[in-house]
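Here is a quick briefing on a two-chain model. Have the structure open while you go through the points.

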Amino acid sequence: MSLTKKKMVDLYTIMLRIRDFEEKIEELVMTATIGGFVHLYVGQEAVATGVCATLTDADYLTSTHRGHGHMIAKGGDVKLMMAELFAKSTGYCKGKGGSMHIADLDLGILGANGIVGGGPPIAVGAAMAAQYKGTDSVCICFSGDGASNQGTTHEAMNLAAVWKAPVVFVAENNHYGEFTSQAKHQCIESITERAAGYGIPGAIVDGNDLVAVYEAAAEAVGRARKGKGPTLLECKTYRIKGHFVGDPEVYREKNEVEGWQKADKDPILRLEKKLIDTKALTKDKVKKIRESVQKEIDEAVKFAEESPEPDVSELMDGVYA
Amino acid sequence: MTSMNMGMAVNNALSLEMERDPNVFLLGEDIGYPGGVLGVTAGLQAKFGEKRVLDTPISESAIIGAAVGAAAAGLRPVAELMFVDFIGVCLDQLFNQAAKMRYMFGGKAKIPMVLRTCCGAGIGAAAQHSQSLEAWFMHIPGLKVVLPSTPYDAKGLLISAIRDDNPVVFLENKVLYQIPGEVPDDSYTVPIGEADIKREGNDVTVVATGQMVMRALAVAEKMAADGVSVEVLDPRSLCPLDEDAILESVKKTHRLVIVHEEVKFAGSGAEIAATVAEKAFDYLDAPILRVAAPFCPVPFSGKLEAEFVPSEEKITDAVKAVMEG
């Protein structure tokens, strides 16, 4: 399955949307316009975008505390996302969830998750349900290098293997689990080294190469759809921002971060260059797309600002079905 | 009508619901081929097949979490946690995920799962296989908590729990698995959140749960001979709790004794006592007493374990104490 030029331009636009959304959120948190704990996806856009490009609305995903990118990549509406972060009643979760619990069941997004490793067991269940119902839907389980050490992750991978559940475990190795570098929190270089331990195929891909992510994901998703079971797909990327907005980042050097923002590493700049080089886009077209995406984000902020807060009478809604 | 013990009643409820609704399936450790560690799910895999009665590896977080995911994706899983004492290794999936997803997602997700598990002391299973932890689950908004005391209640409540669109923690007392009772053969429901007066009386209300209901009834029978009329009220569900039934009973009898197998300190009885003190204070002729397990882990020694589980004697002492005012 290879990407058409048009599709690549669409995916490039999605990556920009994620980047601009996240940078806007950073600004809003730093100016205390919005509150709560927010964990930005800047630098990892190619992973969510490339993986979600292989999915339909009938497929599921479980996300992490760093979930905005996954949501936008799977078709989430930035207006409704922004309203949720503004804690407005027009938000995806009616202001009840916030950044770490943002979800859209209609898109199969089973939620961002405030618990590291909270998603993998749920992903196995959703995948198993898809199989039980006789569909070829899959569930993508996004998790990080941090979560790869969590007990729930091991349990979920083993169970998925035993059940041959149609899950693709996308391990986003962004080099940091909260404040601790991967080199310090595990003895292996690649999470995928554990795949054999569960009896499942593993693959490693350059997580900042959109096309490579797409192709690897398509293969893993295809395998799952055919009933051949789970795959562990490690996408090597880098977390440009701190663990959360406001993180003083005492644990790493600025020049390390800057290195990953250069044109040969940044996923958006790399795809942009490819699109210009192959004449899929002109510099002028790039400018127009960037402006258009920026406008979308600005409109999302406006929508959120103008939306009402939830009424106190809504406090007890939704505790029980 | 058939005489069956609680284990068989649970089995029957599972079988009937699985026949009725193809979305109901079971998962847990050793529930399929071996029929469950205490035999409760015997025969179900043979009847419904391996796709609907799933044996899992020993991975409670994955089991409970898979139930959450499957429920969110439209199925109706009944997961078994072999012993309630194992909840520690998988509690996140129950209390942070299952219980909260609907609320956190603005009312959109639905998690219609049941977590069945066994609780209680009395078979020498010792500290890590004998606890009663109702209060833990009651404390989490979003969960429903059910603790039947008879085979009849167990069957009806489990059917209700499976049909409920919320995550339900279904507690089965392991001593009660062996106690028979009359159960209708067909399908029926017992509403969650509705208490049952197991014995009517006028002098004192004894609110009892699980295995304690039988002991309270035995005490009531004996005390009737002494001219004391004991009303035994079984809440059956602890969350939602049938406050109205409890208050109505206390307003009639003016005396309340609560009996549960949980440790007394911060147990479900504390909630019931506080609620009655708050809402029916003027009706009480005596302080509210709780008869419960002492504040220690469950001992292995049979002699010590018998001391741990509230006895008929201790219940009688409490009833006599409130009668004296």
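Chain A has 12 helices and seven strands (helices are DSSP runs of H or I with at least four residues, strands are E runs of at least two, and both are numbered from the N terminus). The radius of gyration of chain A is 19 Å, close to the 20 Å that the globule rule gives for 321 residues, so chain A is as compact as a globular protein of that length (the radius is taken over C-alpha atoms, and the rule is 2.2 Å times the number of residues to the power 0.38). Keep in mind that this is a predicted model, where local features need pLDDT of at least 70, side-chain atom pairs count only at pLDDT 80 or more, and totals for chains, interfaces and linings use all residues. Residues are numbered from 1 along each chain as its sequence is written, while chains are lettered from A and ligands numbered from 1 in the order in which they are written.

**Chain A overall**

- The C-alpha trace of chain A spans about 55 × 50 × 40 Å along its principal axes.
- Buried residues make up 56% of the 321 residues in chain A (buried: 20 or more other C-beta atoms within 10 Å of a residue's own; exposed: 12 or fewer; partly exposed: in between; C-beta atoms are placed from the backbone).
- Take the contacts in chain A with a separation of 6 or more, and 74% of them come from residues 24 or more positions apart (a contact means C-beta atoms, placed from the backbone, within 7 Å).

**The sheet in chain A**

- Five strands of chain A make an open sheet in the order β1-β2-β3-β7-β6, with parallel pairing (two strands pair if DSSP finds at least two bridges between them).
- Its edge strands are β1 (60-62) and β6 (202-206) of chain A, each of which pairs on one side only.
- On average, neighbouring strands of this sheet are turned by 20° against each other, direction ignored (axes are lines fitted to C-alpha atoms, for helices over the stretch in contact, and angles run from 0 to 180 degrees between N-to-C directions).
- Inside the sheet, β3 (residues 167-173) and β7 (residues 231-236) of chain A pair in the parallel sense over six bridges, and N173(A) has K236(A) as its bridge partner in β7(A).

**A covered helix in chain A**

- Helix α4 (residues 78-85) of chain A is mostly covered, with eight of its eight residues buried.
- Just after α4(A), A87(A) takes a positive phi of about 60°.

**Where chain A meets chain B**

- The contact takes 35 residues from chain A and 35 residues from chain B.
- On the chain A side, α5 (119-132) and α6 (151-163) of chain A each supply at least two residues, and α5(A) gives the most, with 10 residues.
- By class, that side of chain A has 22 nonpolar, nine polar and four charged residues (Ala, Val, Leu, Ile, Met, Phe, Trp, Tyr, Cys and Pro count as nonpolar, Asp, Glu, Lys and Arg as charged, and the others, Gly among them, as polar).

**Two domains in chain B**

- The domain assignment of chain B gives domain 1 (2-183) and domain 2 (196-323) (such bounds come from an automatic or database domain assignment).
- The centres of domain 1 and domain 2 of chain B, taken over C-alpha atoms, are 26 Å apart.
- Their contact takes 24 residues from domain 1 of chain B and 25 residues from domain 2 of chain B.
- On the domain 1 side, the elements that give two or more residues are α6 (134-138), β6 (144-146) and α7 (151-163) of chain B.
- By class, this domain 1 side has 13 nonpolar, eight polar and three charged residues.

**Covered strands in chain B**

- Six of the six residues of β5 (residues 114-119) of chain B are buried, so this strand is largely enclosed by the rest of the structure.
- V114(B), R116(B) and C118(B) lie on one side of β5(B), and L115(B), T117(B) and C119(B) on the other.
- β5(B) pairs in the parallel sense with β4 (residues 76-81) of chain B over four bridges, and six bridges join β5(B) to β7 (residues 168-173) of chain B, also running parallel.
- Strand β11 (residues 230-234) of chain B is mostly covered too, with five of its five residues buried.
- Three bridges join β9 (residues 196-199) of chain B to β11(B) in the antiparallel sense, whereas four bridges join β10 (residues 204-208) of chain B to β11(B) in the parallel sense.

Methods. Contact = placed C-beta atoms within 7 Å.
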